[in-house]
Amino acid sequence: MKTETTALIIMLGLFVGLIFCKIWLSVSISDLAYEYDKIENQLRKEQDLNLKLKAERSFLLSPDHLKDLAQKYGLRPAKENEIKVILP
Amino acid sequence: MIYRRTRNSTLGKARFWIFTIFLLLIWGGLLARTFWIQLIWGPKLVARACSQYFVASKLQGLRGKILDRNGVVLAQTISAYSVFARPLEVENSSKVARVLSIILSEPYAKILAKLKNDKKFVWIRRKISDLKAEKIKSSRLHGIYLTREFTRIYPQGHLLGQVLGFTNIDGKGLEGLERSFDSYLKGKREKFVAFKDAKGRIIRFNLKATQKDLNGKDLILTIDTRLQAQAEDILAKTVQKFRGKNGILIIAKVKNGEILALANYPFFNPNSFFAYSPLEMRNRAALDLFEPGSTAKPFMVAAALEQGICQPDTIFFCEQGKWRLESKTIRDTHKYGWLSVSAIVRYSSNIGIGKIALKVGPKTFFQVLKRFGFTQKVPLPLPGRVESLIRPPKKWTKIDLVSAGFGQGWATTGLHLVQAYVSLANGGVFTPLVLVKHPELTKPESKQILSPTISKQILRMLWEVVNRDGTGKKLKLKDISLGGKTGTAQKSDLIKGGYKQGAYVASFVGVFPALSPKYVVFLAVDEPQTEHYGAEVAGPGVRQMVLNIAAMDKTVFRKSKAQTPVSRHRYLVQNDLAQLSDLNRLSDFRGKSLRYALDVLNSKQVQTILKGKGVIVVGQKPAPGTILKKHMKVHLYLGFPEEVL
C-alpha cells in the first residue's frame with residue numbers, strides 16, 4: 001500500500017513536472033518568436049537602408065551626375081592632344 | 001442535555017447536507033456551462049479566437065537588380081512607404097486633410113474628397129519619400145496609416161533608358177528588359193499564418209523562408225556604363241548639331257558580339273516614364289526600320305567576291321556619274337569612269353555597285369543577306385523586335401536589284417546592320433549580338449558564312465574608305481587604324497510613295513583596328529537638316545567614340561606607336577623643351593605635375609616607375625641632379641598638392 005502511494009506521488013510529480021516543462025517551453029518559444037521578429041525587423045530596416053544608400057551612391061557616381069559636377073567646377077573633356085597613354 | 005446534544009447533531013447534519021447540495025449545484029452549473037461552451041459553442045468560439053489571434057500575412061521578395069558588365073547598378077528596387085486612410089476612422093477630416101496636403105504637397109480639396117469617401121480603405125499617396133513618411137508618422141493622425149511597398153529606381157537616370165524599359169506602380173515590367181525578364185526579375189511571394197498578440201504585433205512562427213530567399217534574380221548586361229554614357233553624350237551632340245529627328249549609336253565587340261553601348265536619342269528616363277510619349281520610349285535601334293544606303297555595299301561586294309564574279313581589282317565602268325537603266329537614272333556624287341571594286345566601295349559609287357549587282361543576281365544577294373542575319377529577328381531579348389523588310393528576290397526587277405546593292409528598296413534596323421558588320425569583321429563567322437551576360441541565353445549557332453579571305457579583302461576596302469581618298473577620309477586617325485563605310489540613304493515617303501525630298505538617314509559604321517577589328521561602332525542620324533552625308537554627320541561622332549574606346553583599351557593603338565611611347569614628347573610646350581635642352585641631369589620634379597614629369601622623362605628615354613596615387617610628384621629616386629643614363633629607372637612617388645615634401 002505504501003509502495004503504491006509512493007509510486008502514485010512520483011507519477012503525479014512527474015506529471016506536474018511535464019506540465020511545467022511544457023508551459024516553460026511554450027513561453028520560451030513565444031519569447032524567441034518575439035526576439036526573432038524584432039531582429040528580423042531590424043535586419044529588414046538595415047537592409048532597406050543599405051539598398052537606399054547603394055542607390056544613392058550609384059546616383060552620385062552616375063556619369064550624368066559627375067558630368068554636371070565637373071561642369072560646375074570648370075572641368076572639361078581632354079582634347080585629343082592632351083591625352084597621354086601610359087603604356088605598361 | 002442529551003436532547004440538546006441530539007438536536008445540535010441533527011442541525012449540523014442538515015447544514016452539512018445543505019452546504020454539500022449547494023456546492024454540488026454550483027459544480028453542476030459550472031459543468032453544464034463548460035459542457036455548453038466546449039461542445040455547443042466550441043467550434044464557433046475557436047473560429048472567433050483564431051480570427052483574433054492568427055492573421056494571414058505575406059512576405060514579398062524584392063525584384064532583382066539590373067547591372068552592367070562591371071556591376072554598376074542600372075535598376076534596383078527599394079522600399080518606400082505608401083499612405084492610406086480608413087475614412088470611417090478619421091475624426092476631423094478637414095484638419096487631417098490640411099496636414100496631409102502640406103506634407104505631401106497635394107491639393108487640400110483632393111485629399112479632403114478622399115477622406116470624405118464612404119469606403120473602408122482609400123490610398124492617399126503611394127511610394128512617398130522617407131522624410132515625408134516620418135513627418136506623417138510623427139503627426140499621429142487618426143485613421144491615416146503607412147504601409148511598406150517597393151519602388152523601382154534607375155540610379156543612372158536616362159542611361160540606357162529605352163533598353164531597360166520600366167515597371168508599373170505594382171512592380172510589373174511593362175517595357176524593355178523589365179518586360180522581357182519580368183518573371184526572372186520579380187520576387188516570389190509567400191503567404192503564411194502568423195500570431196497576433198494583444199498589442200497587434202505580428203509574430204511569425206514559420207521560419208521556412210526569409211525575404212532574401214524570395215528575392216528575384218539579378219540580370220547582368222554586356223553594357224559598359226562608361227561607354228554607354230559617352231555614346232549617349234556623343235549621340236546627343238551629333239543629333240542636336242545637325243538638327244536631326246533622332247539617332248542611334250551602337251558599339252559591339254567583334255570577338256563575341258557583346259553590345260557595349262546601345263544609345264537612343266531623344267533620351268528616356270524610366271524614373272519618370274509617365275512624362276514621356278511612346279515615341280520617346282521607343283528603342284529605335286531595335287524597332288525602327290531604315291534603308292541602310294551605302295553601308296549595305298560591302299555585302300553586295302561580298303556576294304560578288306564569293307561567287308567569283310570579280311576580284312578587288314576588277315574594274316567596272318561607272319558611266320561618268322549618270323546611268324540610265326530601264327526608265328530610271330542612277331547617279332553618283334562624282335563623275336567616275338573606270339573604277340576597281342575596291343574603289344567602288346572607297347568612293348561609294350552607286351553605278352559601280354549597281355553593275356556588280358546585275359552580275360550577282362537577286363537570289364544570290366538575298367541569300368547573302370539571309371546568311372548575315374538580315375531576314376531574321378536579332379536574337380536579343382528585347383520586346384517588339386522586327387525583321388528586316390526585304391521582298392522575296394523573285395519579285396525584284398533590275399532596278400530593284402541595283403537599288404538593293406546601294407541599300408535602297410529594303411529596310412533594316414541598326415542592330416541588324418551592326419550584327420552583320422560584326423560577322424564580317426569576325427573573319428566571316430556569323431556572330432549573333434549579345435546583350436545579356438547572365439543568365440546565359442540560347443543564341444543562334446556561330447558558323448562560317450563568308451570565307452576569311454573575302455572578309456579580309458572587304459576589311460581592306462573599309463580601311464581604304466578612311467585611310468585613302470575615300471568618302472571617310474576626314475575621319476582618319478593618326479594612332480588608330482580605323483576602317484568604315486559611310487551611308488546616306490533617302491527616306492521613303494509613306495504617304496505619297498517614292499522618296500521624301502530632302503529627307504535622309506545619315507550613318508557611318510566604323511570597324512577598328514581596321515584589319516583585325518575588335519570593335520564595331522555604328523551611328524545613324526534620322527533626317528539631319530544642316531547636312532546629310534554620312535561622313536559629315538555620323539562620321540565625326542564615330543571617330544570621337546573610337547578615341548574614347550581607345551582611352552580604355554590601349555590594345556587598339558597601332559603596334560609601332562605602342563612600342564615607342566617615349567616618342568610622345570610632342571605634348572611638351574615650347575618653354576619646357578628649352579629648359580630641357582641644356583640639362584643632362586635629373587630635374588627636381590617634386591611639387592611638379594605628373595604630366596610635366598612624364599613629358600620630361602619620356603623625352604630623356606629613361607624608364608619611369610610610378611609609385612602611389614596622385615597627380616603631383618611628391619618624391620623621386622634617384623635624387624635631383626643625378627646624371628641621366630639611357631633606360632635608367634626613375635621612381636616617382638605621387639601624391640596630392642598638400643603632400644609635397
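The model is predicted, so local features are reported only at pLDDT of at least 70 and side-chain atom pairs only at pLDDT 80 or more, whereas totals for chains, interfaces and linings use all residues. Residues are numbered from 1 along each chain as its sequence is written, chains are lettered from A and ligands numbered from 1 in the order in which they are written, and side-chain values use heavy atoms, with hydrogens and water left out.Helix α1 of chain A spans residues 2-60, where helices (H or I, at least four residues) and strands (E, at least two) are DSSP runs numbered from the N terminus. This helix has 59 residues and reaches 85 Å from its first C-alpha to its last, close to the 87 Å expected at 1.5 Å a residue, the expected span being 1.5 Å times one less than the number of residues. Among the residues of α1(A) that are buried are A:A33, A:D37, A:E40 and A:D48, together with A:L51, A:K52, A:A55 and A:S58; here buried means under 20% relative accessible area, exposed over 50%, and partly exposed in between (1.4 Å probe, protein chains only). An α-helix has 3.6 residues a turn, so residues three or four places apart point the same way. The cover over the buried residues of α1(A) includes β3 (73-85), α4 (130-139), β5 (144-153) and β7 (202-203) of chain B, where contact means heavy atoms within 4.5 Å. One of the buried residues in this helix, A:S58, has a relative accessibility of 11% and therefore counts as buried. Residues up to four places away in sequence aside, A:S58 touches B:V73, B:P155 and B:Q156.

In chain B, 3 strands form an open sheet in the order β1-β6-β7, with antiparallel pairing; two strands pair if DSSP finds at least two bridges between them. The edge strands are β1 (54-60) and β7 of chain B, each of which pairs on one side only. Strand β6 (residues 189-196) of chain B pairs with β7(B) in the antiparallel sense over 2 bridges, and B:I203 in β7(B) is the bridge partner of B:F195. B:R189 also lies in strand β6 of chain B, and this residue is exposed because its relative accessible area is 53%. When residues up to four places away in sequence are not counted, B:R189 touches B:K58, B:L59 and B:Q60. With the side chain of B:Q60, the side chain of B:R189 makes a polar contact of 2.8 Å, a polar contact being a pair of N or O atoms within 3.5 Å; within protein, one atom must be able to donate a hydrogen and the other to accept it, and residues adjacent in sequence count only if both atoms are side-chain atoms. The C-alpha atoms of B:R189 and B:L214 are separated by 6.7 Å, although these residues are 25 residues apart along the chain.

Further along chain B, helix α12 (residues 297-307) is mostly covered, with 9 of its 11 residues buried, including B:F299, B:M300 and B:V301. Just after α12(B), B:G308 takes a positive phi of about 75°. B:T375 is found in the loop between α15 (362-371) and α16 (398-405) of chain B, and a polar contact of 3.0 Å joins its side chain to that of B:Q376. Leaving aside neighbours within four places in sequence, B:T375 is in contact with B:F366, B:L369, B:K370, B:E387 and B:I390.

For B:E527, phi is near 50°; B:E527 is found in the loop between β18 and α19 (534-537) of chain B and counts as buried at 10% relative accessibility.

Cis peptide bonds are found from B:F512 to B:P513, with omega near -15°, and between B:K621 and B:P622, with omega about 0°. B:P513 is placed in the loop between β17 (499-512) and β18 (519-526) of chain B, whereas B:P622 lies in the loop between β20 and β21 of chain B. Of the 6 residues of strand β20 (residues 616-621) of chain B, 5 are buried, so this strand is largely enclosed by the rest of the structure. Strand β21 (residues 633-639) of chain B pairs with β20(B) in the antiparallel sense over 5 bridges, and B:Y637 in β21(B) is the bridge partner of B:G619.
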